[in-house]
Structures are given as C-alpha cells and as structure tokens.
Amino acid sequence: MTLLPDLSELAARARADLRMGLPVAISFAGQAALVAAAETLDDTRLSALRALGPVMLAITPRRADTLKARAYSDHVARVRVPGDAGVEWIHNVADPAGDLAMPMKGPLTTERGGDEGIARAGVMLAKAAHLLPAAVLVAVDDAGAVAAENRLTWLSLDKLDDLVPTGPLDEVVAARVPLAVSEAGRVHVFRPRDGGEEHYAVEIGKPERSKPVLARLHSACFTGDLMGSLKCDCGPQLRAALAAMGEAGAGVLLYLNQEGRGIGLANKMRAYSLQDQGFDTVEANHRLGFEDDERDFRIGSQILSALGFSSVRLMTNNPAKVAMMQANGIEVVERVPLKAGHSTHNAAYLATKAKKSGHLL
Ligand SMILES: Nc1nc2c(ncn2[C@@H]2O[C@H](COP(=O)(O)OP(=O)(O)OP(=O)(O)O)[C@@H](O)[C@H]2O)c(=O)[nH]1
Ligand SMILES: [Zn+2]
C-alpha cells in the first residue's frame with residue numbers, strides 16, 4: 001500500500017511542470033539532469049539552471065536538419081548553448097517562426113557521442129506536453145537531491161518508453177444524446193489513468209457487437225470541425241461520417257483528442273503560419289521538429305475493444321489507420337472511402353497528404 005505516485009503519474013506531473021516553465025529532474029542510465037522546455041523557459045530560470053553547469057539544448061533531428069546542424073543520432077541533437085546566450089537565442093533555435101527572417105542562427109555546435117538518453121527524454125516530454133519539441137538540460141550529480149531541495153518533480157527512468165502515455169482508458173460515463181443524424185445517439189467518455197487527454201466515442205443506434213461495425217476514427221480539428229476552416233477536410237468528413245452512420249442506423253465514431261495530428265493546437269497554428277510562408281503540411285511539421293504524424297492510433301483500438309467491438313468497416317482514406325487497427329486486434333473487414341469537403345483551399349493540402357503520407361484520394 002502506498003500513496004506515492006507511480007512513474008506514469010509523475011510523468012503527467014512533469015508534463016504540467018514543463019508547460020508552466022518549471023524544470024523537472026530526470027535520472028536515467030547512470031546520468032542525471034534538470035530538464036526544462038525550451039518554449040516556456042524564462043530568463044530567471046535559465047540563470048538558475050546556468051548556475052548549476054553548462055546548458056544544452058536538445059532538439060529533434062528534423063529541427064536540426066532545418067538549422068543545418070549535425071544531429072549525430074537518429075533520435076536527438078544536442079546543441080551547446082553559448083554562455084552568453086539568453087532565452088531569446090534558445091527560443092529562436094526551437095521555434096521556426098523566425099527562420100526565414102533570420103536564417104543564420106549558428107554556427108551551432110552539437111555534441112557527438114556520450115549519453116543522449118536524458119536529452120531524448122526531454123524532447124519526448126516536451127512533445128507529450130504539446131510544446132515545441134525542444135528541451136534545455138543541465139547535468140547534475142544527484143537528481144533526487146536537487147529535486148528535493150527545489151521541490152521539483154523527479155523522474156527516475158528505467159526505460160524511455162515509460163514517458164509515453166499509453167495507459168489503459170476507463171469508461172467514465174455514457175449518456176443518450178439525440179443527434180441530427182439519429183435520435184439514437186449515445187456519447188461515451190473515456191479517461192486514461194495516466195493523466196492524459198480524454199477521448200470520446202459516439203455510438204449511433206445499437207450496433208451488434210458480433211458484426212463488423214461502421215466506424216470512424218476522427219482526430220480533433222478545432223479549426224475544421226468547429227470553425228468551418230477551409231484549409232482541411234475535417235469538418236465535412238466528420239459530418240459525412242455521422243450522416244452515413246445515421247443512414248445505416250448504426251455506427252461508432254471515435255472523437256480522439258489528437259489535435260493537429262497529435263501536436264496540439266498551438267503547434268498546429270505554428271505549422272499553419274509556416275504554410276503561409278510556402279511550406280506544405282509535411283514540411284511545416286518537420287521544420288517544427290515533428291514527424292508528419294505524431295498520433296498514437298492504439299487509443300482507437302483500445303476504445304473499440306472496451307466497447308465490445310472486434311471488427312469494423314472503417315471510414316478512412318488513411319492506410320496507416322487501417323494498419324494500426326489490424327496490428328492492435330481490430331479486424332478491418334472493409335475500408336470505406338470518405339471523401340467530403342474538397343475545395344480549392346484544401347486541394348494542395350490533400351494532394352500533399354496523398355503524395356507524401358500515402359493517403360488515398
Ligand atoms: N499538423 C497538422 N495537422 C493538421 C493539419 N491540417 C489538419 N490537421 C490535423 O489532422 C488531423 C486530421 O485527422 P483525420 O481526418 O482523422 O485523419 P487523416 O489522417 O486525414 O485520415 P482520414 O481522414 O481518416 O482519411 C486532425 O487532427 C487535424 O487537426 C496541418 O496542416 N498540420
Ligand atoms: Zn482539419
């Protein structure tokens with residue numbers, strides 16, 4: 001019996017700390033460091049970190065590539081922060097907003113060899129906190145002691161995967177919600193035990209659990225779903241999927257809170273701003289330091305299983321969604337194409353997804 005938080009709970013706390021600009025202490029593989037998110041770091045905390053030793057900035061190889069810096073690793077690039085650099089320098093390396101106005105930030109000196117584990121952990125945590133994927137690090141001798149002295153969260157990691165929120169989801173509540181497409185609507189709320197985002201399932205009618213159900217895995221898109229943005233096809237796809245389920249009399253739509261293909265709304269707006277500078281949807285993600293798609297589709301299969309479904313007719317144009325369903329125990333008996341909301345505004349966006357991300361048009 002214990003009241004002590006476990007590692008997934010501490011990781012959730014660490015994500016909240018980073019969002020506020022607080023450092024966290026991490027120990028991993030015999031190393032220890034204080035880690036803060038580049039995006040939220042301020043001058044006071046940078047000075048306090050600097051008093052402990054030389055400061056390093058961990059960025060993704062994608063971001064390093066944009067900055068023409070050598071990563072020397074597939075996982076992370078460790079940039080030395082010059083002794084006279086302030087937070088503005090750190091923000092400029094992490095954030096591509098000023099890349100075109102100020103292309104030369106370097107020369108940047110990156111570390112080669114040595115232990116990169118905590119640098120990777122810092123970037124993973126910043127990503128999971130939906131911040132820019134960049135973290136500031138300073139090595140310490142004893143993470144536990146520094147954490148106790150400064151009342152910081154301390155993560156003692158055995159493996160980096162412990163930082164990825166994958167916890168089981170529990171159904172919290174379900175209630176009847178009559179919808180325009182069907183009066184027999186029911187909304188289920190699922191909450192992960194690890195402090196991550198809640199996700200929703202909208203059940204239409206009474207789909208038989210023994211038969212393949214018409215299903216849609218929809219990732220949240222504030223701009224498209226709610227504001228009627230013409231930059232993407234999300235809103236029309238959402239409504240078309242619900243309409244098809246209403247017509248069929250049965251279906252299940254998962255509304256996953258994975259805004260911006262998993263990077264969060266602030267980062268998606270950063271990507272949009274880069275798209276206005278001429279980069280396409282994939283290039284914009286890469287310049288920010290993200291992969292094209294940072295979503296974890298396992299969540300969808302977990303929710304379907306929890307609702308008692310084991311096979312689906314999946315409404316999607318994205319083969320990766322089909323593959324992830326199959327890999328996680330949900331049989332996809334049919335892929336149902338979902339074409340809606342194509343316009344001149346999103347033609348280039350959809351063409352890029354088809355060309356670079358393997359979407360079927
Ligand atoms: N990062 C980023 N995310 C975007 C952009 N445009 C739309 N999105 C997000 O992309 C996601 C679209 O999700 P979905 O429609 O579920 O997925 P999909 O991969 O397009 O696949 P299907 O619609 O099933 O064919 C949403 O989370 C949007 O917020 C963009 O330019 N950049
Ligand atoms: Zn969208």
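Which of the 22 residues around ligand 1 come nearest? I found Ser-219, Cys-221, Thr-316, Asn-317 and Asn-318. I keep in mind that this is a predicted model.

Next I looked up where the shell comes from. At least two residues each are supplied by β10 (213-219), α8 (234-248), α9 (259-262), α10 and α11. The largest share, three residues, comes from α9. By class I noted eleven polar, seven nonpolar and four charged residues in the shell around ligand 1.

Then I turned to the helix pair. I read an angle of about 120° between α10 (residues 265-276) and α11 (residues 281-288), with the axes 9 Å apart. That angle makes α10 oblique to α11. The crossing of α10 past α11 is right-handed. On the α10 side I listed Asn-267, Arg-270, Ala-271, Leu-274 and Gln-275, which meet Thr-281, Ala-284, Asn-285, Arg-287 and Leu-288 in α11. The residues of this contact are four polar, four nonpolar and two charged.

Last, the sheet. I traced an open sheet of six strands with mixed pairing, in the order β4-β3-β5-β2-β1-β6. From one strand to the next the twist averages 30°. Strand β3 (residues 55-59) runs antiparallel to β4, joined by four bridges, and Ile-59 stands opposite Ala-77 in β4.

I also checked the helices on this sheet. Helix α1 (residues 7-20) lies across β1 (24-28), β2 (31-37) and β6, at about 135° to β6. Helix α5 (residues 117-128) packs on the sheet as well, and its direction makes about 145° with that of β5 (134-139).

Note on methods: Residues are numbered from 1 along each chain as its sequence is written. Chains are lettered from A and ligands numbered from 1 in the order in which they are written. This is a predicted model: local features need pLDDT of at least 70, side-chain atom pairs count only at pLDDT 80 or more; totals for chains, interfaces and linings use all residues. Axes are lines fitted to C-alpha atoms, for helices over the stretch in contact, and angles run from 0 to 180 degrees between N-to-C directions. Angles under 35 degrees count as roughly parallel, over 145 as roughly antiparallel, 65 to 115 as roughly perpendicular and the rest as oblique. A crossing is left-handed if the near helix is turned anticlockwise from the far one by less than a right angle, and right-handed if clockwise. Two residues are in contact if their C-beta atoms, placed from the backbone, lie within 7 Å. Ala, Val, Leu, Ile, Met, Phe, Trp, Tyr, Cys and Pro count as nonpolar, Asp, Glu, Lys and Arg as charged, and the others, Gly among them, as polar. A residue is near a molecule or strand if its C-beta atom, placed from the backbone, lies within 6 Å of it. Two strands pair if DSSP finds at least two bridges between them.
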